[in-house]
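The account below goes from the site as a whole to single atom pairs.

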Amino acid sequence: MPSPARSSAPAEVLNYIDHAWRASSASQHLDVVNPATGELLGRTPLSPGLEGAAAAEAAARALPEWRRTPPGERVQYLFKLKALLEDDLEELARLITMECGKTLDEARGEMRRAIENVEFACGMPILMQGYNSEDIARGFDETMIRQPVGVCAAICPFNFPGMIPFWFMPYALACGNTYVVKPSERVPLTMQRIIQLIEQTDLPRGVVNLVNGAAETVDAILDHPAIRAVSFVGSTPVARHVYRRSAENGKRAQCQGGAKNPIVVMPDADREMTTKITADSAFGCAGQRCAAASVAITVAEARDWFPEMICDAAASRVTGYGLDDGVQMGPVISPQSKARIEEWIGLGAAEGAGIPVDGRNPSIPGYERGTFVRPTILVDVPAGSQVASTEIFGPVLGVMHVATLEAALELVNRGPHGNMACIFTRSGAAARKFRYEAEAGDIGINVGIAAPMAFFPFSGWKESFFGDLHGQGWDAVEFFTQKKVVIERWPKEWSRKF
Ligand code: NAD
């Protein structure tokens, strides 16, 4: 059983298939590196397709017995898991910081959101009830029953290794499905530990399986006939691929993609609050959040104060190793990400933006091997430029300016993504107009990270989402169950007298 958080030696990353930890036969591995220190934490096997298929088959064997287990019994394992996650929260948070780079507080917050999903899924005995009508015609009754879909799988991104599998897995299990999880190959260690906790719940053999890997492993999952539903979170091009391939293979799919989230700053907005919340949104998790603000649009006189205040907030943000006290922002995930983000900052300047706060190539004493980019502000970003509409996924906030709310909404709705859009204002009328007209699935009003609670769907529109039913909330119940409708009659003349 691996114990990566406690050992200084690189961890062996294993698959967990059919209730057993197994070394992969992979010929290729990816180094898992602490992005702040450069320390090698482990090596992810890029499992061959056959191992993805083995995970699907183990889950398929476990399905008949698990779906017959009453929902009230199924959620007992989730109650146990919640307690284990609570007890292990600090260790899990440290592990997330080590492999993913975010600060310890951010990692704790991530695990809280994971646990929240387990709590909500514990209500499944009532949530998955169907409905019925007596006498749809004289003596005929009709009933809708929800049954599990079958074997389901999650394919996860690097930026929330602890939370994102929980947007799906607890609901799937509580609904009577069995499961395969494929974490991001860049951050596999958190899920190793979570599966160890799941093992401690005594969940029956094969109900949850873990397979590590990259594109080949994913495609094996997408092609396997036993897998009936796929949940994906990651970049838009891969979301589109997963959605298309799942659909071609007759599977349900919900695929969350990339984002470029605008924040509109009205002239009447509370200055301190707006600046603080925007900075937290843009630079929290080093901007590697699908709900990070990446463009701020000032309206009319908001230009007189917002750019200067946000530049001060960006320049004063403490960047360093997320395990160190007082650090407000960690590194980005990899040297490749750092190079890409810094290239985009340069491209923004080439397209006409100014760089009053430039976070490229910072020096972080003691962490010279870390992949850091400090908070960066691009001002006067031209409408229609590449940098205005492309996801950078780093601590970079572009600032644009318009004269009216109508013009701001035009900019908000022009982009290809539709994950989140926020407005800061004291005006109810402006807020309502924004809520009504902004083309995004998650809206913040005087809120900078409009990430829905577990009991609401994590929405997303346009290029940020492919599918019909989102993660979390009632959508999760819909996604992880299939409806069966029964119409019956029991003629009176058949009744015996007892
Ligand atoms: P990614 O698309 O590179 O990888 C996501 C998953 O897809 C990984 O498990 C990876 O192994 C797999 N994958 C990668 N290439 C593949 C291919 N060609 N074929 C099949 N599978 C493949 O994403 P990432 O860099 O890990 O995560 C960052 C992205 O995720 C950002 O775009 C971010 O906006 C997005 N994201 C979106 C949300 C949301 O809710 N919409 C939440 C978190 C992250």
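Predicted model: local features only at pLDDT ≥ 70, side-chain atom pairs only at ≥ 80, totals over all residues.

The ligand sits in the largest pocket. Helix H7 (215-223), strand E11 (227-233) and helix H8 (236-248) are the elements that give two or more residues to the shell around the ligand. On the level of domains, domain 1 (4-257 + 464-485) and domain 2 (261-445) each supply at least three residues to this shell.

In total, 30 residues surround the ligand, and the closest are Glu 185, Arg 186, Ser 235, Gln 256 and Glu 391. By residue class, the shell is made up of 16 nonpolar, ten polar and four charged residues.

For Gly 234, a backbone N or O atom is 3.3 Å from an oxygen atom of the ligand. A polar backbone atom of Gly 257 lies 2.8 Å from a nitrogen atom of the ligand. On its own the ligand has 840 Å² of accessible area, of which the protein covers 87%.

Terms used. Residues numbered from 1 in each chain as written. Heavy atoms only, no water. Near = heavy atom within 4 Å. Polar contact = N/O pair within 3.5 Å; in protein donor to acceptor, adjacent residues only side chain to side chain. Areas by Shrake-Rupley, 256 points an atom, 1.4 Å probe, with all protein chains shown as cover. 1 Å grid on protein atoms, 1.4 Å probe; cavity = no way out; pocket = protein on both sides within 12 Å on 5 of 7 lines; lining within 4 Å. Sits in = over half its atoms within 2 Å of the grid points. Helix = DSSP H or I, 4+ residues; strand = E, 2+ residues; numbered from the N terminus. Nonpolar A, V, L, I, M, F, W, Y, C, P; charged D, E, K, R; others polar. Domains from an automatic or database assignment.
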